[in-house]
Amino acid sequence: MTYPEATLIDQQVKTANKIVIAQPDNPDGDSMGSAIALEQILMLQGKETELVCGVNIPNYLSYLEGWDRVVKELPSKFDLMIIVDTSALNLVEHLTKQSGQLKRGSQPLVIIDHHRSEPTIDYAQLRLNDPEAAATAEVLYYLTKQLKWELNPLARDSLAAAILSDTLGLTTDSTRAETVFAIAELVREGVSLSRLENARRDMTRKTPELVHYKGELLQRIEYYDDDRIALLSIPWPEIEHYSPLYNPSMLALEDMRLTTNTVVAVALKLYPDGKITGKIRTNYGYPIAAKLAEALGGGGHDYASGFKLTDTRDLEQLKNDIITHAKDLINEIV
Ligand SMILES: [Mn+2]
């Protein structure tokens with residue numbers, strides 16, 4: 001696996017001293033692990049690094065060593081920014097608001113990503129995107145190999161954890177031989193998968209309060225179209241109360257997806273300013289999650305995607321739109 005952009009990325013890194021590593025406004029295990037791995041790699045090259053993310057890192061990611069070094073504010077001066085795991089402008093809003101320079105393209109920006117959707121950040125000097133890769137960390141692993149960049153144990157652990165996170169333990173449709181090979185090499189170089197998995201599982205433990213709340217959420221799931229579509233909406237007071245402990249959507253989505261007959265599961269979060277965000281999961285054989293998200297103004301992967309609604313549609317209109325689009329996409333397959 002080699003990338004034609006690699007040499008140019010190497011040059012950008014070589015000429016920079018202070019490098020900002022940025023994650024999207026919806027950080028996940030892949031963006032977090034990739035960011036930490038990159039931090040370690042660049043530190044080994046004598047670079048000064050800063051990990052930034054426009055939003056707070058969710059608690060469930062704190063099994064990844066280094067998560068607490070992520071800050072929300074961009075430093076006033078830096079030579080290069082590397083964004084991992086997104087090419088979507090609306091997912092770096094918090095950061096571009098802080099830096100007008102970035103938007104004008106006067107600040108060098110490199111994107112490392114693996115999303116299939118069209119990029120909407122159009123001011124990056126370089127974009128290494130491999131939509132065949134199952135995780136940004138997989139792209140980063142092969143980039144590192146190609147450029148003979150040095151890794152340390154934390155970089156290896158972070159890359160492996162990130163790949164396992166985006167592939168749900170190497171079981172998603174996106175997992176290819178190169179994905180497994182990258183993990184195999186990382187294990188050969190000392191990564192313990194059982195230790196990583198135990199650390200992750202410890203973080204998925206829930207307090208009794210959360211277990212009870214999960215029960216409430218499950219009771220509220222709505223099923224449409226012969227149960228093929230499962231919808232859940234989460235109002236602001238619950239987001240405010242429970243989000244610091246756990247992402248409410250993630251408490252219910254897997255059970256929604258695992259309902260008999262269900263193909264598409266959508267969890268909606270309702271914010272006080274009228275903004276609505278949605279997380280979409282689909283079942284094996286129905287790679288329509290990105291298409292459904294795109295129809296709603298978002299993007300993502302075949303089986304996992306998301307969107308953020310900024311127009312004035314209310315919840316009922318949005319639900320109707322989701323059901324209509326989802327039905328169409330399902331019917332194209334069955
Ligand atoms: Mn990813």
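Predicted model: local features only at pLDDT ≥ 70, side-chain atom pairs only at ≥ 80, totals over all residues.
Two strands count as paired if DSSP finds at least two bridges between them.

Strand E12 covers residues 304–309, and E11 pairs with E12 in the antiparallel sense over two bridges.

**Entry: the sheet around that pair**

Next I asked myself in what order the six strands of the open sheet run. I read the order as E7-E8-E9-E10-E12-E11, with mixed pairing. Which strands stand at the edges? I found strand E7 (222–224) and strand E11 (299–300) there, and each has a single partner strand, so one side of each is left without a neighbour in the sheet.

**Entry: helices on the sheet**

I then checked which helices pack on this sheet. Helix H11 (residues 248–257) touches strand E8 (229–234), E9 and E10. I noted that the direction of H11 makes about 160° with that of E9. Helix H13 (residues 315–333) also packs on the sheet, where it touches E7, E8, E9, E10 and E12. For H13 I wrote down an angle of about 155° with the direction of E8.

**Entry: Lys275**

I picked out Lys275, which sits in the loop between strand E9 (264–270) and strand E10 (276–282). Is Lys275 buried or partly exposed? I count it as partly exposed because it has 13 C-beta neighbours inside 10 Å, and a buried residue would need 20 or more. Setting aside neighbours within four places in sequence, I see Lys275 in contact with Lys308, Leu309 and Thr310. I also looked at Thr312, 37 residues from Lys275 along the chain, and the C-alpha atoms of the two are separated by 8.4 Å.

**Entry: two domains**

Stepping back, I see the protein divided into domain 1 (6–201) and domain 2 (208–333). Their centres, taken over C-alpha atoms, are separated by 26 Å. The contact takes twelve residues from domain 1 and 14 residues from domain 2. On the domain 1 side that touches domain 2, I list three nonpolar, seven polar and two charged residues.

**Entry: the whole protein**

I find 13 helices and twelve strands in the protein. Its radius of gyration is 20 Å, close to the 20 Å that the globule rule gives for 334 residues, so I call it as compact as a globular protein of that length. Buried residues make up 43% of the 334 residues. Last, among contacts between residues at least 6 apart in sequence, I note that 67% join residues at least 24 apart.

Technical notes:
Residues numbered from 1 in each chain as written. Helix = DSSP H or I, 4+ residues; strand = E, 2+ residues; numbered from the N terminus. Buried ≥ 20, exposed ≤ 12 C-beta atoms within 10 Å, placed from the backbone. Contact = placed C-beta atoms within 7 Å. Rg over C-alpha atoms; globule rule 2.2 N^0.38 Å. Domains from an automatic or database assignment. Nonpolar A, V, L, I, M, F, W, Y, C, P; charged D, E, K, R; others polar. Axes fitted to C-alpha atoms, helices over the stretch in contact; angles between N-to-C directions.
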